[in-house]
Every structure is written in structure tokens, then in C-alpha cells.
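This report describes the chain contact, the domain arrangement, the helix packing and some backbone details of the model shown below.

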There are 2 protein chains.
Amino acid sequence: MNRVAVIGVGVTKFGELWDYSFSDLFVEAGSAAIIDAGIDGKDIGSIYVGNMSGGRFVNQEHIASLIADHAGLNPVPATRIEAACASGGLAVRQGVMAVASGMHDVVVVGGAEKMTDITTEKVTQILVTAADQEWEAFLGMTFPGLYGMIARRHMHEFGTTREQLAEVAVKNHANAKNNPTAQFRFDVSVEKVLNSTMVADPLTLLDCSPITDGAACIILATEEKAGEFCDSPIYITGAGQSTSTIALHDRLQMTVSDATINASKMAYKMAGKTPGDIDVAEVHDCFTIAELIGIEGLDFCDIGSGGRFTEEGCTAIGGEIPVNTSGGLKAKGHPVGATGVAQVVEIAYQLRGEAGKRQVDGAEVGLTHNVGGSGGTAAVHILER
Amino acid sequence: MNRVAVIGVGVTKFGELWDYSFSDLFVEAGSAAIIDAGIDGKDIGSIYVGNMSGGRFVNQEHIASLIADHAGLNPVPATRIEAACASGGLAVRQGVMAVASGMHDVVVVGGAEKMTDITTEKVTQILVTAADQEWEAFLGMTFPGLYGMIARRHMHEFGTTREQLAEVAVKNHANAKNNPTAQFRFDVSVEKVLNSTMVADPLTLLDCSPITDGAACIILATEEKAGEFCDSPIYITGAGQSTSTIALHDRLQMTVSDATINASKMAYKMAGKTPGDIDVAEVHDCFTIAELIGIEGLDFCDIGSGGRFTEEGCTAIGGEIPVNTSGGLKAKGHPVGATGVAQVVEIAYQLRGEAGKRQVDGAEVGLTHNVGGSGGTAAVHILER
């Protein structure tokens, strides 16, 4: 396989962006990445777009054609990838293959979602299309409900405390304060998390990632092209992907993300790395409990110990393995189709030493972890400078 | 690039399949392809699923996770590709890259759409999400309307006659009679097409492809694996893809599909073939006019001459270049996300000499042509035995 480099990155502000259309978001992030890479439109061989539900959020399918058109990039081939909240991560992996196969030398991979043009109730109905429609959604299940059950069971099985869950939000909000594009740039305390509005027991409002508009974009290239355009390429050395049951009740153990375990094993093997080699990671924290089962599945700590590991500060900047320096989905925001790409953008900043006040000193190897649904899909990438 | 072989194919009956769920469709086609290839589940490295709008047709996103789960194939990585009616064709191209990159040795590529569980009016609203929502759909445009305008303009510019358009339907219905899985297995006459219900001037009901449930599936493999499992592999030697403007009114010339021209040039170049080398082709005929601009864009005949070329029988079985031996979208049916994969299934049957009464004698090189929207996306594949 050809080696694949990240030679440019770009991201929009995340938040309630009422003056941006869906395609505006992608075009802004894409333009920033193109400028960062120093390439021209004519250099681009292909475009991948991660997007979960343009068809329902903004009545638009045929997403990649729209994006290529509005970005002025016709006739470049453009392909939309969907895997619920892992759409971005899977788009990255398709981009890696497009370069690795020799089909294209320079590929744009972006993700975008426009979620705030409809009511919150509608958003919840759309997000639950990532669960099994016939066995979960039809019966009234929602995503806070699914993750609430995972959290309650994690507490029962492993003695995880309500406060340990809240510590995830506290850490990620603290990191987001130093991320200029994050949606929530303010601190929260454990007490504030515990006392915020109950959403789905035991998860309160501040355990949940927000509804977000946003886009992120990266430019991938062959090693040869990277040398031509870029002084500090970051290489994607591992790319793992896995499925598990789409329905939570069919999972062997609801507190263990086997898709995360399988995808990360694939990525670690491909990169020749172990969990101990990772200096910084972006982990899928759509709810606080998700970060715990994420860091456990990635083998940063033992199964069941994520709560204590977090409480002890091991995942904070300066800790054993800093997690979600960007603020994570929880505080940076979660425009679902963009998230997996935005994670790669953050790791690229970290490995280039451009993460400002949230920089992890001397970071050389980073990891991204993107999940679809309650764990039906997982994608893990390992990046090295 | 590694060579990529088609080692197995499968397809469901196309039609109003009220006793099949969305995932039933994929599982039936996939199982048939797996049996045809003689592989086991454990041989499968990855799954690609072409699907246009599961989110709106059946309230289900996270399509590929659902399919992998219901097919009993977890933890195999599974990825959904969307490009409106070209979703299947783009899924094929992603599968080709997954094998060509060395990432996976054996890959399942399928397409599925479940369109008949809702009202026809709703289907029309969903299909128009393949057009530009803000500039076409919002203003009341529909797909019959868009293709009606293309047809009227083709008649004006090139002298194409209403009868020549009807000849496309007559030919494709005649071919579908010999395809056991086709939706419409009966003849129509030019007179019958002309006198059927007006849909969007000049197109009548029998100029339009139907609303269809169905799925199709192929198994791709490296040359080495193909040798292990298969006596008669078909090789995908060319894979082209292109975008054009998503909105018809932005197209340089509305009667010319520049995405088709660009995608086919890419595929011809990659395969080292010319249009004259093609023995049999499946061309995207969502409306009769689409087949004319398709065969013109593929350079089987000059721009503007598609009507005469068809009227003279050049695209019939036994003619210069037989087109849509399966019956095409028009008579085989058009389950939108499955269509691009079903086209490859038909060409595989033809190149293996297994097309029964619709066999093109001595076919050695075949082509598939899949279009999204009014021409915003095109994918072209060249296959050889």
C-alpha cells in the first residue's frame, strides 16, 4: 500500500450557525484545508463527504454532487459516506484507500452536518434512525435512552460512580475553553453536571453532546505529493473499521464496545503500535459514558476501570493519555457527519505542535476513535508525524 | 494497482415486494452472490452498500451496520455509499479501491432500496432530494419534470422525435421479457407508449422507469483470491467517476451529460479501450431520454444522434452495441440504490455467457453507466472476461 499523508486541515466554528447553509459549511472548511495544504483545485483527484442525514436534516440527498458543485470543483469525482455519527471516520478511511490504491494522488475528505434548522424534537427523531428502526426506534427508544441504559449498567457492573461520569464533562469543557472553534467554551463543575436537567437517568443535560452545525476537512496525498506541497506531513499509519450489532440489546455485553475493540486492534496492527505508544487521542464522547467505554475499548485502561482512570486525571492534558484535547463531542460540539473528520483535524494540530494552550508536549503519535449509533460501527485511525 | 475480479453475483426479483423488509432484500441478494462465488462469511473483508435514501424511505440511516448485522457478518467493516441513483455505481468503485489498495482481499458490494412502503407522492418528494433542494426542489421541480425539459430540448436541438424516445421503451421491454427477475415482463408498442398517461411533457408513463423494491450484490476479489474460488472471473479493468452541476439549469448544455463524458473517458483510458471495443452495455435509462443522452455521452454514437441510432436498431440485441439487455431501469425496474450494482450483475451474466435468451453472442467486453440526479454524478465501469 502507498503511504498516505495529511497535508492540510480546516474546520469551521462549531455551533448554532444560522447564517450558514449546509453547503456553506463544507465549502468554508474545505477552502481552509486547501489553503492550509497550499494546493489548487486542479490538484484534487477526488472528494469524500461524511454526512449522516442530509436527506432528513435539510431535505438533500446526492450530497457529494452538491458539495463538488458549490465548491466549484466539478468534474472531480465526489462520494458521500454514511455511517450515522461515524460517517466522518469512514469517509477518512475511504480517502485513505483512494490514495493507497493509486486511484488518486490528492483527495479531499470532509464531513458536514446542518442540524439546527429544525426543532430539537425532530433532531432526536432523526438521530434515532442510527438505531435499529424496527426493534429500537419504532418502540420509542432515543439515543440518550440507549446511552443512559449503558451508563446505569456500567455503574452496576463496575462500580462506576455518577461523579466519575461527570468528570468526563468537566475535563472536556476545560479543554474546549482553549479551542477557538468549540461550541461551549466555559467550565462546568461536577456539581453543575449532576444538577443540570435530567435527560435519561443517570445522564443529565451536561452529560450529553449538543446539537451542532459544523464542518471539518482534511487533504490526503501520496508521500510523493506530500513532499511537493508540505513541510510537515502527518501520516495515517493505521486505519481500522468494524461493525457490531446495530441494536444494543443484541450486543454480547452492553457495556463493552466490541466494534471499538476490533477496529482498534486492526489499526494498532496496521501501524505496528500499542495503546501505550499513543500520545494523544480524540475519543467518541457523544455522552460522558461513551468516553469511558471508548477508552476501555481502545485499551488505554482495563474494561470497567474508565471511571477511576478519568477521576485520577489520567485522561487530562498532562496525564498518562490526554483524551479529547479539542473539547470532544461534549464541548467542542457534535455535527454528526463532521465529527470523525474534526477528530483528525485536532490530532493533526497536536502532531504539528499547533494546538496552542491545549498542546500536548512532544506529541508524536495520535489516535482518533469515531462511533456510529450505540456502537454498531467504529472507526479508528492512528496518525504519526 | 492490484487487478480486481468479480467472482460472484446475485440479485433479487425486482418489483413491489411487500413481503420483504429493506434488509431482507440485501440479505437475499448477498446470500445469492456469496453462494455463486463459493465463499464463506469468514472470507469477507469488507462490505459496501449503495443506498439512496433509507433515512426517508424506511426511516433508517446507519444502513451498512444494519446490513452487516442482519446478514450475520459482524464484525466485518461495512460502509454505505450515497449518490442518489448512482449510489450503486459508486459503491462498486469504492469496492474496487478497497481491493486495489490491498486493504481487503474479498469485498461484498451490494445495493438495495425499499421504495413501495410509502405513497407514490412521497416517493416523488424523496427522489427530488437528488436535485438541488434550494434551487430546484423547493420551487416544485420533480424528476419527470427535469427529464421532460431535457427531452423537449433534445427534440428542439437535434430533431429527435417522440417516436424515437418511445423506441427505447419498446426495446427495453422486449429485453425484460427474457429477464426472469425484471419487474415488467411484457411488450409495449410505440403507439402504447405515446398513448399512455402524460407525466411531464413529452414523457408519458411508459417513458418513465417504475418505483421498485430490489437489491443486487457482487463479490470482488484480488486476482489471487479469484483464482482460488472461481473458474470464470470477470475483471473490472476501468472505473471512472465524475460530477457535474447538481442543478440542471447550471449545466453548460442541458442535453449533454458532461459527467457521463468525463467518467467514461476515465474508464476507457484506465481499461485501454475505445467505445468500439464494447460488446454490451447497461446504460442509465431512468427515462427514455436518459438512454439517448447516455449512449451519446458514452460515444456509442454522435451527440444528438441517439434517437436515430436507436430507431435503426443499433442498440437492440444483434445490433451494433446492444444496450440494456436486462430490460434497463425502464423495464427491469429501478430500486435506486441497487441499480448501479444490478447493472454489473447483468454484464457479468453476459460475459459469462449465462444471459439465456437475452445473451449477446461472444460478448467479451462490457460497460455499465450509472447516473445520479439529472446528471450531477456519473459512474462508468468496464468489465472483461
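## Conventions

Helix axes are lines fitted to C-alpha atoms over the stretch in contact, and angles run from 0 to 180 degrees between N-to-C directions. Helices (H or I, at least four residues) and strands (E, at least two) are DSSP runs, numbered from the N terminus.

The model is predicted: local features need pLDDT of at least 70, side-chain atom pairs count only at pLDDT 80 or more, and totals for chains, interfaces and linings use all residues. Residues are numbered from 1 along each chain as its sequence is written, while chains are lettered from A and ligands numbered from 1 in the order in which they are written.

## Helix packing in chain A

In chain A, helix H6 (residues 143-158) packs against helix H11 (residues 288-297) with an axis separation of 9 Å and an angle of about 60°. H6(A) and H11(A) are therefore oblique to each other; angles under 35 degrees count as roughly parallel, over 145 as roughly antiparallel, 65 to 115 as roughly perpendicular and the rest as oblique. The crossing of H6(A) and H11(A) is left-handed, a term used if the near helix is turned anticlockwise from the far one by less than a right angle, with right-handed used if clockwise.

On H6(A), the contact is made by Tyr147(A), Ile150(A), Ala151(A) and His154(A), and on H11(A) by Ile289(A), Ala290(A), Leu292(A) and Ile293(A). Two residues are in contact if their C-beta atoms, placed from the backbone, lie within 7 Å. The contact of H6(A) with H11(A) comprises seven nonpolar residues, one polar residue and no charged residues. In these classes, Ala, Val, Leu, Ile, Met, Phe, Trp, Tyr, Cys and Pro count as nonpolar, Asp, Glu, Lys and Arg as charged, and the others, Gly among them, as polar.

## Helix packing in chain B

Helix H1 (residues 22-37) of chain B packs on H3(B) at an angle of about 60°, and their axes are 10 Å apart. That angle makes H1(B) oblique to H3(B), and the crossing of the pair is right-handed. Ser23(B), Phe26(B) and Val27(B) of H1(B) make the contact together with Leu66(B), Ile67(B) and His70(B) of H3(B). By class, this contact of H1(B) with H3(B) has four nonpolar, two polar and no charged residues.

Helix H7 (residues 162-176) and helix H11 (residues 288-297) of chain B cross at roughly 95°, and their axes come within 8 Å. H7(B) and H11(B) are therefore roughly perpendicular to each other. H7(B) contributes Leu165(B), Ala166(B), Val168(B) and Ala169(B) to the contact, and H11(B) contributes Thr288(B), Ile289(B), Glu291(B) and Leu292(B). Six of the residues in the contact of H7(B) with H11(B) are nonpolar, one is polar and one is charged.

## Domains of chain A

Chain A is divided into domain 1 (4-119 + 212-234) and domain 2 (120-209 + 237-380), with bounds that come from an automatic or database domain assignment. The C-alpha centres of the two domains of chain A are 22 Å apart.

In chain A, 42 residues of domain 1 are in contact with 37 residues of domain 2. At least two residues of the domain 1 side come from each of strand E1 (4-11), helix H2 (54-57), helix H4 (87-100), strand E4 (106-113) and strand E7 (214-222) of chain A. H4(A) gives the most to that side, with eight residues. By class, the domain 1 side has 23 nonpolar, 14 polar and five charged residues.

## Contact between the chains

The contact between the chains takes 53 residues from chain A and 53 residues from chain B. On the chain B side, the elements that give two or more residues are helix H2 (54-57), helix H3 (63-70), strand E3 (78-82), helix H4 (87-100), strand E8 (234-243) and helix H10 (258-271). H3(B) gives the most to this side, with six residues. The side of chain B that touches chain A has 23 nonpolar, 23 polar and seven charged residues.

Strand E3 (residues 78-82) of chain A is joined to E3(B) by three bridges, and the two strands run antiparallel. Strands pair if DSSP finds at least two bridges between them. Arg80(A) stands opposite Glu82(B) in E3(B).

## Backbone details

The peptide bond from Asp201(A) to Pro202(A) is cis, with omega near 5°; Pro202(A) is found in the loop between strand E5 (198-200) and strand E6 (203-204) of chain A. The peptide bond from Asn74(B) to Pro75(B) is cis, with omega near 5°, and Pro75(B) is in the loop between H3 and E3 of chain B.

Asn324(A) is not a glycine, although its phi is positive at about 60°. Asn324(A) is placed in the loop between helix H12 (306-311) and helix H13 (328-332) of chain A.
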